[in-house]
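Subject: Structure handover

Hello,

Please find the structure below. Notes on what was found in it follow.

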Amino acid sequence: MSDESDAEKTEPASAKRLEQAREEGDVPRSRELATFTVLMTAGAGLWMTGGGLVRQLNATMVSGLALTREQIYNPTVLIERVTSDIAQVMLACLPLAIAIMIVALASPLLIGGWLFSSKAFMPNFGKLNPIKGIGNMFSKNALVELFKAIAKTVVVGAVAYLVIVNQKDAVFGLAVEEVRSGSAHLVDMMASAFLFIVGGLGLVAAIDGPYQMWHYSDKLKMTRQEVIQESKESDGNPQIKGKIRQLQREMAQRRMMDAIPTADVVVTNPTHYAVALKYADGERGAPRVVAKGADVIAARIRELAKENNVAMLEAPALARALHKHTEIGDEIPEALYSAVAEVLAYVFQLRAFKKGDGKHPDRPGKLPVPPELDPHDPASQKKPDTNNGAPR
């Protein structure tokens with residue numbers, strides 16, 4: 001593929017890129033949809049509570065104007081009356097104000113969701129570039145905004161004209177109605193007209209919402225090279241990962257060496273393999289492997305065992321089987337219970353002898369190691385049928 005086609009943004013934005021955009025305060029937003037929901041809530045609330053609101057305002061106005069001569073010339077009473085009337089008006093408008101506030105706070109959830117980003121408040125002097133500003137005036141996004149402004153003007157104008165023509169007779173009839181009923185009727189007409197006009201804006205919002213989602217997705221698209229580079233950064237540098245694995249192996253080896261002084265016995269090959277076993281008396285479970293290794297590591301295990309007076313026993317077949325079929329921290333395979341039991345019995349009797357209790361035990365002879373577990377035995381090429389930790 002040519003360099004030009006490879007530089008095209010044809011790949012969808014990755015999760016990392018979307019997260020970075022959110023951190024920078026860049027999320028899809030539809031101002032038309034947010035405006036529509038708030039205005040529709042205001043119109044619906046006015047339509048449902050308009051009658052009661054007009055009655056409350058009428059009562060407040062009558063109460064505010066019904067003053068005696070003494071009350072007019074008494075500043076204290078006048079201030080109290082004005083304060084009370086203002087409080088009643090605010091209380092009457094409170095449900096509608098709360099509904100509008102809730103919808104205004106919830107409208108971002110329709111597209112983009114809530115977002116709190118400190119980076120969005122940081123100064124960006126690149127926006128002061130006049131050349132870039134002129135370019136934005138003639139960009140595709142500017143043309144879309146111009147089209148939306150024209151569409152809103154046409155839609156609102158057409159709907160408003162139809163509403164006015166349809167309610168022309170009712171508007172003229174307000175002149176002969178009684179004040180209270182006429183006021184309520186006027187509020188009802190205004191609310192219904194408002195709802196129709198805002199409903200026209202709903203058509204623009206229904207188009208703008210999906211467009212903003214598409215525009216946001218298209219803006220964050222990536223080139224194939226960016227996808228490859230991000231994948232490399234996510235996976236990490238191979239050299240660094242290799243160094244981390246090396247450090248992890250060294251740490252695991254140090255922990256293994258620290259556990260050797262606590263072992264009960266080290267079974268050796270005698271030179272190629274060494275496996276340290278520990279049996280926690282009184283606890284459930286079989287003996288566990290606390291350390292194992294071959295060649296240089298095996299020599300270090302034997303050295304530490306000698307320094308810490310840990311018993312060592314040459315049992316080549318058992319050492320090879322344990323090294324092959326166990327990992328550090330594993331219990332020994334069930335097929336090796338008998339062999340390890342003989343080894344531990346010898347070790348415990350040897351400890352008692354060194355304390356002056358009993359006679360020197362005889363070293364175990366040929367241990368019962370199944371041939372299929374010994375990697376040097378031809379029978380080990382067959383897969384043994386074992387359970388409870390035995391190799392598979």
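A residue is called buried under 20% relative accessible area, exposed over 50%, and partly exposed in between (1.4 Å probe, protein chains only). The model is a predicted one: local features need pLDDT of at least 70, side-chain atom pairs count only at pLDDT 80 or more, and totals for chains, interfaces and linings use all residues. Residues are numbered from 1 along each chain as its sequence is written, and side-chain values use heavy atoms, with hydrogens and water left out.

Salt bridges

The structure contains 12 salt bridges, a salt bridge being a side-chain nitrogen of Lys or Arg within 4 Å of a carboxyl oxygen of Asp or Glu.

Aspartate 208 and lysine 148 are joined by a salt bridge with an N to O distance of 2.9 Å. Aspartate 208 is in helix H9 (residues 179-219) and lysine 148 in helix H7 (residues 140-166), so the bridge ties together parts that lie 60 residues apart in sequence. Helices (H or I, at least four residues) and strands (E, at least two) are DSSP runs, numbered from the N terminus. Aspartate 208 is buried because its relative accessibility is 3%; lysine 148, at 8%, is buried too. Both residues belong to a network of salt bridges that also includes Arg31, Glu32, Glu145 and Lys152.

Arginine 288 pairs with glutamate 331, and their closest N and O atoms are 3.4 Å apart. This pair links distant parts of the chain, 43 residues apart: arginine 288 is in strand E3 (residues 288-294), and glutamate 331 is in the loop between helix H13 (316-325) and helix H14 (337-354). Are these two residues buried or partly exposed? Arginine 288 has a relative accessibility of 39%, so it counts as partly exposed, and glutamate 331 is partly exposed at 28%.

Aspartate 374 and arginine 320 form a salt bridge of 2.8 Å, N to O. Aspartate 374 is in the segment after H14 and arginine 320 in helix H13, so the pair ties together parts 54 residues apart in sequence. Aspartate 374 is buried at 7% relative accessibility, and arginine 320 is buried at 14%.

Surface patch

Leu91, Leu94, Ile98, Met101, Ile102, Leu105, Leu109, Trp114 and Phe116 make a nonpolar surface patch of about 1,000 Å². Patches consist of residues with over 30% relative accessible area and no salt bridge, with like charges joined within 9 Å and nonpolar side chains (Val, Leu, Ile, Met, Phe, Trp, Tyr) within 5 Å. Accessible areas come from the Shrake-Rupley method with a 1.4 Å probe, and for residues only the protein chains shown count as cover. Leucine 94 lies in helix H5 (residues 75-106) and is partly exposed, at 39% relative accessible area.

Regards
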